[in-house]
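Have a go at each task before you read the worked solution.

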Amino acid sequence: MNEDALDELAGVLVSATRVAVLTGAGISAESGIPTFRGAQGLWKRFRAEELATPEAFDRDPRLVWEWYDWRRRLIAEAVPNEGHKTLAVWQKAFPSFSLITQNIDGLHGLAGSADPIELHGNIWKTRCPFEGTVRENREVPLSELPPRCPDCGRLLRPHVVWFGESLDSRILDEAFRRCSSCQVLFVVGTSAVVHPAAALPQAAAEAGAVIVEVNPEPTPLSRTADFCFREPSGRMLSRLDRRLEARRRSSARRTR
Ligand code: APR
């Protein structure tokens, strides 16, 4: 841990009023959920084009649902780690705090973050492609595979964004708005290669935000980030939060 950088960043945060965070699969790694592109990543073991595209679903909906059912069972065993919990605390620690995630695991919500912006959907939701109805479904395992719409009987799909699909434009616009108006943007646990999410840090930087990367590995963002912490996010975020708290207490004492 780079103690000086951590101190410097705590100094920036203690006076910041608008903070945003973009998270990726890496923030859930310490909760035991596999990432996509790391050494043990899901895309090393599975072929995305067979499981996470509209064509794959049309070709073999049962196979796609078996894979999501397997991931749901994995995620159901996971609990939020220090990284998720710290971000949930920060929701109330800054006048304006935005949490934007690429993750579909729902762990930010479980940690107490109120309405995170879920760019790629949520694995605990299904959608009827015909009516558009989105429902919460936390059955583990799914009782019906593939699940059917209770209203029209058609096959439901996971309420997630697949490769080759567009994100919900309202959600994406809101994410860009939050990133373009923040003073500090944390980019936590993402390889920063999947667009349009990967364009969010650029929008924040162009608006003058301080960019903080938290990732044990370098990414295309590392060159331009103002701070790079090469370590697991759970440890780094909780250490930073303790520094921030200490600074807040000492500045409160000074103003008495
Ligand atoms: N703390 C922080 N970062 C970590 C940790 C950790 N403990 N462990 C791994 N990482 C980093 C890895 O170094 C990697 O850079 O997390 C990143 C995960 O990258 P990806 O697996 O590519 O996941 P992500 O960036 O979220 O992928 C984006 O791609 O497959 C699609 O829709 C899927 O939302 C996903 C999108």
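**Exercise 1.** Work out how much space lies in the second largest pocket of this predicted model, and which residues lie nearest its centre.

*Solution.* 
- Step 1: start with the volume. The second largest pocket holds about 250 Å³ of space.
- Step 2: sort the lining by class. You get 5 nonpolar, 5 polar and 6 charged residues.

**Exercise 2.** Find which elements and domains supply the lining of that second largest pocket.

*Solution.* 
- Step 1: pick out the elements that give two or more residues. These are strand E4 (121–127) and E6.
- Step 2: see which gives the most. That's E4, with 4 residues.
- Step 3: turn to the domains. Domain 1 (3–32 + 80–120 + 167–254) and domain 2 (34–77 + 121–160) each provide at least three of the lining residues.

**Exercise 3.** Asp 151 forms a salt bridge: find its partner and say which parts of the chain the pair ties together.

*Solution.* 
- Step 1: the partner is Arg 135, with the closest N and O atoms 2.8 Å apart.
- Step 2: Arg 135 sits in strand E5 (134–136), while Asp 151 is in the loop between E5 and strand E6 (157–160), so the bridge ties together parts 16 residues apart in sequence.
- Step 3: check the accessibility of Asp 151. Its value is 57%, and exposed means over 50%, so Asp 151 counts as exposed.

**Exercise 4.** Compare the surroundings of Arg 73 and Asp 69: is each one buried, partly exposed or exposed?

*Solution.* 
- Step 1: confirm the pairing. Arg 73 and Asp 69 form a salt bridge, their closest N and O atoms being 3.4 Å apart.
- Step 2: find them in helix H5 (residues 61–76). They are 4 residues apart there, so about one helical turn separates them.
- Step 3: use the cut-off, since buried means under 20% relative accessible area. Asp 69, at 4%, is buried, whereas Arg 73, at 40%, is partly exposed.

**Exercise 5.** Asp 7 forms a salt bridge: where is its partner in the chain?

*Solution.* 
- Step 1: the partner is Arg 243, and the closest N and O atoms are 3.4 Å apart.
- Step 2: Asp 7 belongs to helix H1 (residues 3–14) and Arg 243 to helix H10 (residues 233–254), so this pair links distant parts of the chain, 236 residues apart.
- Step 3: Asp 7 is partly exposed, at 33% relative accessible area.
- Step 4: step back to the whole structure, where a search finds 17 salt bridges. Bridges with shared partners join Glu 3, Asp 7, Arg 239 and Arg 243 into one network.

Technical notes:
Residues are numbered from 1 along each chain as its sequence is written. This is a predicted model: local features need pLDDT of at least 70, side-chain atom pairs count only at pLDDT 80 or more; totals for chains, interfaces and linings use all residues. Side-chain values use heavy atoms; hydrogens and water are left out. A salt bridge is a side-chain nitrogen of Lys or Arg within 4 Å of a carboxyl oxygen of Asp or Glu. Buried means under 20% relative accessible area, exposed over 50%, partly exposed in between (1.4 Å probe, protein chains only). On a 1 Å grid over the protein atoms alone, a cavity is a set of points where a 1.4 Å probe fits but cannot get out, and a pocket is an open set with protein on both sides within 12 Å along at least five of seven lines; lining residues have an atom within 4 Å of a point. Grid points are joined across faces, edges and corners, and a volume is the space filled by probe spheres set on the points. Ala, Val, Leu, Ile, Met, Phe, Trp, Tyr, Cys and Pro count as nonpolar, Asp, Glu, Lys and Arg as charged, and the others, Gly among them, as polar. Domain bounds come from an automatic or database domain assignment.
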